[in-house]
Amino acid sequence: MKLPRYTEYRSTGFGWFPNIPSHWQTCSLKRIARLKSGETITSEEISETGKYPVYGGNGLRGFTSNFTHDGKFALVGRQGALCGNVNYSHGKFWASEHAVVATPIKPAATRWLGELLRAMDLNQYSVSAAQPGLSVELISNITVPYPSYSEQIEIANFLDRETAKIDALIAEQEKLSALLAEKRQATISDAVTKGLNPDVPMKDSSVAWLGEVPAHWDICFLKTRFASVEYGISDSLSAEGSVAVLRMGNIVDGQVCLNDLKYVDEVDPALLLVQGDLLFNRTNSLALVGKVGLETTQPDNWQRLSKTHGAALPQVLADRIRKNMNERGTLDVLRRGVEMLGLTAPLELAQFKPALALNPAIQARYAANRLRVVRQVCHSPNNPKAELDLVLFLNGIAVATAELKSNFTQSVHDAVDQYREDRHPQPKGGVVEPLLGFPGGALVHFAVSQSEVMMSTRLAGTATHFLPFNQGNEGGAGNAPNPDGYATSYLWEEVWAVDSWLDILHRYLISKRNDKKQPQAVIFPRYHQLDATRKLVADVLEKGAGERYLIQHSAGSGKTNSIAWTAHFLADLHDAQSKKVFDSILVVSDRTVLDAQLQEAIFDFERTTGVVATITNEHGSKSTQLGQALKAGKKIIVCTIQTFPFALQAVQELAATEGKRFAVIADEAHSSQSGEAAAKLKQLLSAQEWAELQDGGEVDTEALLTAQMEARPGVKGLTYVAFTATPKAKTLELFGRKRDTVDLSKVVLTHHTLKNRGKQTLGLRGEGEYKLQPMDAVGSGSVQEKQEAYLTEIIELVNGLFEGDLSNGDQLVYVNGVLKGKLLENETLLRQAASNSKEHFANSPDLKEAMLNAIMDALDAHQSMSTQALGSERVRDGLRDILLGPGQLYEALRSKAEHRAR
């Protein structure tokens, strides 16, 4: 690489850039960009997944529901040992108080500006304090070179081009270095176990791992060649003492590392080290302990690896697996295997069940998977005495951990606190925990009691976010009592069952990656998602194509993922004769996130692109696109609500004329505005629906689906799957639930009594003036105008609180139904409302606590809104104001209290 030269340079008089091209300018940094710290954000507001990334002083910290910036920016770390480091962001994101955002004032290319800041070595300007930090004022006044904007672009393009080449070379060198390290270890192993003469006669050692050795060598027990073999101490260690203690972390790559030593005051003299003593770790990575059964499942690969690496193979294999897990993530290693010196294809570490059960060799490998549950696992290189209650292993690789609590002494929340407070993935001053770190640790961590289960896929100390993994209890949170055992027995009896657990690892888990394809999070299904998709697939497998399924799935509880899983599973479904059940899956969605999520999930499962086709107005004729997609045999076809009627008609005709079979998956969360698109749908709509459109109303996916189903009810080979939180009566009827009719003459009042108390005086207001309006009109049955105004006001206010794809109905039900309903059941609030003014009631600490409890109780059914409310005081305050205002909570409590007092 040769840097371009300018014809003429001039001296600047500044040490860190003494010469610049003569036509460049110089100025203080503050003339080019405004440097300003981001905004404060609490750890509770940051989660593993979310809408907008959060950047701190050292890069990505997680995700949140709001953003502070939108665009491309260079970010500088403001505090800590790495203050002054430079990162880049683009799009909408939240910059925390630990990041300094450089916003251009004069024309400045982001890449050029960022690399200029990096070249300034800003860490040298950190101010000494309890924690190093940058002075924004100080660095803003530093003089810097300033070329024209066009030259900045040229410099940025040059850097992109050349650094990409260098990065590629570095990656190749790292790969070569790893292979050479394996070769080095294999050479050492061969020399110490086979000798240096390849022509010497050999004999069988009768030791499995050793194989043949030179015929003139002796074979003996290791203990006969050492004066003693002793375990180290297991005493409590401290930062001070008279005798230093070497721990696992002090032995690195065969060398003794004296960093972070711990001490004891006394020790057995036999354990004091002298020159010539040999040290080795008692434990190693669990990948080594498991050894993944390669000798029996892949004997040819094992033989090739043994020939290449000799006796060092277990250690080489363990190191290779651990390195890949730390870089690519545990999930990718299990699904894709690892490359090893001596093999032409990746070494497989697990065998998952294929869609077709035709290959007996694959079936045998699937049956050979080794799943283990181990109790009280000492897992930590930082704290050797720390134990995890349970660890689940697949072929020696940890895939799940669990902390167990008994309801007699503790709750599931104590297990959650244990993870947050005592199970840090990388303790301060320590190394990454192999089972708890991300992305190379276990894939999911369960907190389990006898009554509840919660789970998290990424530990982050006190910022760890846990989600419920409960079955639900008659529409509420938690689990129903189990007459035959614990309420949580479904976890080990159903979810952790061998075939179920392997299916989850194979087809449900999704790795979320950043632009550099680095793992950032893992999605694990909630129980309701697992249950719904499995029941659906089992019924389709039993009954074949042609059925109708209605899944009542609330928004904000992972519905997008549920639709993606359903589409993928149905697309791969085969019957008992190994024939595909469906030719294609048609999904209607206006959410680009669903299209992208389908693509991402399927690529994560199969490493196959082009499985999903999207029908839009952007790529020519919709009929041509659909025809091409169907002809190409696309597994999944995604269309918008505007193109849905045409696509649905096309698959109905193919099903009727060519016997093809399709599954149609519809999401009710989308609607079409009136206009040209709606006019094209007129033929599918009832007169009332069309009139609503003419008045500016909307027709949603559910209405279109039911209209088309009614129009062509006899078409075989079509399976309809509708996802909706609140299905309409017509939808319920079309999907198999008839409308109920009630004979009022048969109704008996069982919970009301009527008593004749004689004539009662009418309570008059004021001085006896009470005007009763005559009943001269028939009631409409609609909501009273005043109440309707309250509901409208609630919707307007709540729309400004929550982020995400939430309908007005979902938000109204959550605030005015779920939360208000739970608060109305609170006895403390009833008493306070009855005896206090509204102002005093609004400031009651009991109200704040009751609201928090109500939000937590609603977490299972309304995950998105409850999660946002729990993580933001602003949202909780907004909910309180709505409930005390148009929600009429205080008035409803007083009315209920007065009714009781009568």
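Tutor: Let us begin with a definition: a residue is called buried when its relative accessible area is under 20%, exposed when it is over 50%, and partly exposed in between, with a 1.4 Å probe and protein chains only. The model is predicted, and for this reason local features need pLDDT of at least 70 and side-chain atom pairs count only at pLDDT 80 or more, whereas totals for chains, interfaces and linings use all residues. Residues are numbered from 1 along each chain as its sequence is written, and side-chain values use heavy atoms, with hydrogens and water left out.

A salt bridge is a side-chain nitrogen of Lys or Arg within 4 Å of a carboxyl oxygen of Asp or Glu. By this rule, the model has 19 salt bridges.

One of the salt bridges joins the side chains of Arg111 and Asp160, with an N to O distance of 2.1 Å. Arg111 belongs to helix H1 (residues 110–119) and Asp160 to helix H3 (residues 149–194), so this pair ties together parts that are 49 residues apart in sequence. Arg111 is partly exposed, at 21% relative accessibility, and Asp160 is also partly exposed, at 39%.

Another salt bridge links Arg365 with Glu348, at 3.9 Å from N to O. Here Arg365 lies in helix H9 (residues 360–367), while Glu348 lies in the loop between helix H8 (330–336) and H9; the pair therefore ties together parts that are 17 residues apart in sequence. Arg365 has a relative accessible area of 25% and is partly exposed. Glu348 is partly exposed as well, at 34%.

A further case lies within a single helix. Lys535 forms a salt bridge with Asp531, and their closest N and O atoms are 3.2 Å apart. Both residues belong to helix H13 (residues 527–543), where a spacing of 4 residues separates them by about one helical turn. Lys535 is exposed, with a relative accessible area of 55%, whereas Asp531 is partly exposed, at 23%.

Finally, salt bridges may share partners: in this way Arg111, Glu115, Arg118 and Asp160 are joined into one network.

Key
Helices (H or I, at least four residues) and strands (E, at least two) are DSSP runs, numbered from the N terminus.
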